[in-house]
Every structure is written in C-alpha cells, then in structure tokens.
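Here's a quick briefing to read alongside the model. Take a look at the fold before going through the points.

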Amino acid sequence: MTVYISPNPGKSSARELALRAAQILRAHGASVLMEHKWQQSCNIAGVEYLPFETCMEQTDVILTIGGDGTILHVANQTLSYHKPILGINLGRCGFLATCEVDELETKLSAVARGEYSLDSRMLLYVRVLGDDRWEGHALNDVVVTKGRLQQAIDFSVYCDDILVEHFRGDGVIVATPTGSTAYSLAAGGPILDSQTKGIVVTPICPHSLATPPMVFAQERKINICVGQVADDEVFISCDGDEGCSLRAGATAVVRLSDQNVQLITFSRADQFQAIDQKLRSRT
C-alpha cells in the first residue's frame, strides 16, 4: 500500500499531523509519498518526496490533512488520476473527512491493510456559454452569486430547457447530494443522502415567499441565466474556488459530470453520524 499525504499549508498543525500519520502508516507496512515542495518544511524520515505527477502515478490512496475545503481542493486537483481520498479532519465540521484526529491509529492502520470501503460521489460539470467558455467540476456545488452589488439580481432556472423558476435574489446554488450539507443547507436547502442520484437547486435570499429549493434527477440539465446587471458584478465558482465573472444575460449550463470522486469510508453510516454529531451538536 502506498499513501500520498497532502497537508493543508495554511494550517500549522497539519505538518505535525503529517508526521504522526506517516509514522503510523510506515509502522503498518505502507509506503508514504509527499510532494517535493514539502521536503524542506516537513522533512519526515522514511517519506519519499517526488514531483506531484510521479506521486499520483505511484500512490494507491490520497490522505488529506485539513478540513473539507482541503478535500475539495485536492479532489479537483487529482480528478484525472482517479485515486481514492481519505480526509483527516482539522476543520470545524468535516462532513467529507471520515477520520478525526483521535482515530488516527485505528483508521490509518486499516488503510495500510487495505481494510476500507469506497464511497463513490457524483460530480457536477458546468460551463458558461458564449465567449468566456469557462468550465469546471464540483464535488459540493456550483454557485452563482452577486458581488459588490447591493441590489438583488434576476435569475432564471431552466430544467432541460424548460423554465421552472424565475426570481430576484442574491444568487443560486446548484449542489450535489454531497454538497447538500454545505452552502445549500445554510441557504435553506434539504439534506440528501449522499447516495441519492439528484441535483439540488437552492435560491440564495430570494425576494419571494414562493421560491423553494428544488431537487432534480441527476440526468437533468440545469441552465442558470443571469438578468441585466453591470459587468463583473456576478460570479460563478465551483466548490468555493476561484471562478469567473458573468456578463448580463450569461447562461451557465450544469449537468452530471462523467467523472466521480471516490472517498474512503469505514461505515455506511458515516454521513449520518457526521450530521448527528456535527450539525445537531451546534443547535
């Protein structure tokens, strides 16, 4: 078993945890890789430091150390390599990370022995029509939202080219079942079982009492059309990453991606345990 460790560079404790993780994995017979840029600041005995592409070619498992944002970033970065991901949670909630710090020994030793399951998560693919031709993939969500504008914006939502909603508000979230516990939930959307094959469309602060979130089958094509607005005042992004600005009248087409992400899990109830422990405990 070969494991690639990817710490979040913005979290100081991630480097210390990378050391502990590497020691546990090597003690149970696994080889450990890290990208060569970490060799000076995170020099761990027994770890092989290689170029990123070489790491991806040689590894069996990707281990992220951070929060869900780290997993989202690494999932997009490594999408073409089709490697399963296990997240060690250093964030506040951590719905995607299935290993807490106090579970390191138990779960990393299981990974070294190959004793884990894979949870396949759907992705969304989005492209902006017209001259911009921006595109991206999202494990959590595609978000179209206003920038510095104080006034609300007109949005039209089409399903398979049929208008299903027109409203004035701050934006639109198109989420996967995985992302239904993230921004979409905060905006009033429903929680979906991660194995549900659906797409959640949640308006952000709609100026209407009759603009509910909607759930569509995964085979549907969702078009988000932006009304009249000054240039560079509406933005689209995938999983909170840097996206692009949209012009007045722009259309973003969102559909099921032909790729997916494999998350490492140790129980079929991991998602529901996270909801119970991390959402309910904050109420």
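What follows covers the overall build, the surface and one annotated residue.

This is a predicted model, where local features need pLDDT of at least 70, side-chain atom pairs count only at pLDDT 80 or more, and totals for chains, interfaces and linings use all residues. Residues are numbered from 1 along each chain as its sequence is written, and side-chain values use heavy atoms, with hydrogens and water left out.

**Overall build**
- The protein chain has six helices and 17 strands, taken as DSSP runs (helices H or I, at least four residues; strands E, at least two) numbered from the N terminus.
- With a radius of gyration of 20 Å, close to the 19 Å from the globule rule for 283 residues, the protein chain is as compact as a globular protein of that length; the radius is taken over C-alpha atoms, and the rule is 2.2 Å times the number of residues to the power 0.38.
- Its C-alpha trace spans about 60 × 40 × 30 Å along the principal axes.

**Burial and surface**
- Of the 283 residues, 53% are buried, meaning under 20% relative accessible area with a 1.4 Å probe, protein chains only.
- The accessible surface comes to about 13,200 Å², and carbon and sulfur atoms hold 46% of that (Shrake-Rupley method, 1.4 Å probe).

**Asp68**
- An unreviewed UniProt entry lists Asp68 under "active site", and such annotations may be inferred rather than shown by experiment.
- Asp68 sits in helix H3 (residues 68-77) and is buried, at 17% relative accessible area.
- Beyond its neighbours within four places in sequence, Asp68 is in contact with Gly94, Phe95, Leu96 and Ala97 (heavy atoms within 4.5 Å).

Conventions: Buried means under 20% relative accessible area, exposed over 50%, partly exposed in between (1.4 Å probe, protein chains only).
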